[in-house]
Amino acid sequence: MQEARSNGAAVNGGGPEKDESGPQEESPKGRAFLANLVRELFQTERSARTHPLVEAERLGDVPPAHALRAVSAHAEAVLAELPALMGERGLPVSAGGSAVGEAFSALRDHVADYLLSAEKSYRGTLLGMRHGIDLVELIQYVAAAEGETSLAAWCARWLAARRPLVEAAAGELAWFAARPARATRAAKDSAVAHLLQGVVNGFESAAQQLRRLAAHAG
């Protein structure tokens, strides 16, 4: 039986066993992973700047809109500093594949939002903002593993600033709970949106009726 040394190398000729529990040296794969995450960060921050403003305009001068505008303002400030921050570290200074993200944004604005209620549209925007928090947490971990300590520290500052803003926006779900008529109104206040939402509601009612009939028949 071979004895294993404390550093992971076998005494009797076996190869070293790599310990991956601690920080690792910079690697090509780790650097590429970090670069991809940074590209995603550019796109996510552009969405965080744009979508909350669109949502706020629809809602009007109400508390949830104020919370969304605060997130958008922070994203605007972040986007102003990202190119220099990443360029100094040899990391991407744009989203790269942003055309895909922009296509999804256009799809949501021109198709999906016609089918959403106000609260579902708000929750969709909130979901995107929460995704940003998860992304920056991951960038922080990868940056630390790759020796980018200053970038990891920047991520910590970003999280300290953004997380309370997103939590405040999440807290405004109570505003919708107290206003069911407003919450269930079409997100886009247009004749087409109301018509499409009425069709969807009709299908949902019919599906519920069929499920009830099937339950009684069973």
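Helix α2 covers residues 63-87. Its 25 residues reach 37 Å from the first C-alpha to the last, close to the 36 Å expected at 1.5 Å a residue. The expected span is 1.5 Å times one less than the number of residues. Helices here are DSSP runs of H or I with at least four residues, numbered from the N terminus. The model is predicted: local features need pLDDT of at least 70, side-chain atom pairs count only at pLDDT 80 or more, and totals for chains, interfaces and linings use all residues. Residues are numbered from 1 along each chain as its sequence is written, and side-chain values use heavy atoms, with hydrogens and water left out.

Helix α2 is kinked. The bend is about 40° and lies at Glu-81, shortly before the proline Pro-83. The bend at a residue is the angle between two fitted axes, one for the seven residues ending there and one for the seven starting there.

Next comes the nonpolar core. The term means a set of buried Ala, Val, Leu, Ile, Met, Phe, Trp, Tyr and Cys residues joined through side-chain atoms within 4.5 Å. Buried means under 20% relative accessible area, exposed means over 50%, and partly exposed is in between, with a 1.4 Å probe and protein chains only. The largest such core has 42 residues. Leu-41, Leu-82, Met-86, Leu-151 and Trp-154 have the most contacts inside it. Two or more residues come from each of α1 (28-59), α2, α4, α5 (149-171) and α6. Helix α4 gives the largest share of this core, 10 residues.

Take Leu-82. Leaving aside residues up to four places away in sequence, Leu-82 touches Leu-41, Phe-42, Glu-45 and Trp-154. Contact means heavy atoms within 4.5 Å.

Side chains of opposite charge can pair when their charged atoms come close. A salt bridge is a side-chain nitrogen of Lys or Arg within 4 Å of a carboxyl oxygen of Asp or Glu. The whole structure holds 9 salt bridges. In one of them, the side chains of Glu-45 and Arg-162 meet at 2.7 Å, N to O. Glu-45 lies in helix α1 and Arg-162 in helix α5, so this pair ties together parts that are 117 residues apart in sequence. Glu-45 and Arg-162 are both buried.

Another salt bridge joins the side chains of Arg-31 and Glu-148, at 2.8 Å, N to O. Arg-31 is in helix α1 and Glu-148 in the loop between α4 and α5, so here too the linked parts are 117 residues apart in sequence. Glu-148 counts as buried, at 13% relative accessibility.

A local pair sits in helix α1. Glu-55 forms a salt bridge with Arg-58, with the closest N and O atoms 3.8 Å apart. The two residues are 3 places apart, about one turn of the helix. An α-helix has 3.6 residues a turn, so residues three or four places apart point the same way. Glu-55 is buried, with a relative accessible area of 2%. Arg-58 is partly exposed, at 22%. Elsewhere, salt bridges that share partners join Arg-31, Glu-88, Arg-89 and Glu-148 into one network.

Now the rings. Rings of Phe, Tyr and Trp (its six-membered ring) pair if their centres lie within 6.5 Å; planes under 30 degrees apart count as stacked, over 60 as edge-to-face and the rest as tilted. The count comes to 2 aromatic pairs. The rings of Tyr-122 and Phe-176 have centres 4.9 Å apart and planes at 50°, so this pair is tilted. The pair links distant parts of the chain: Tyr-122 is in helix α4 (residues 118-145), Phe-176 is in helix α6 (residues 173-177), and they are 54 residues apart. Tyr-122 and Phe-176 are both buried. Trp-175 and Phe-176 form an edge-to-face pair, 5.1 Å centre to centre with 85° between the planes.

Trp-175 is in helix α6 and is buried, with a relative accessible area of 9%. Beyond residues up to four places away in sequence, Trp-175 touches Val-62, Pro-63, Pro-64 and Arg-182. The C-alpha atoms of Trp-175 and Val-62 are separated by 9.1 Å, though 113 residues apart along the chain.

With the same exclusion of sequence neighbours, Arg-182 touches Arg-58, Leu-59, Ala-118 and Trp-175.
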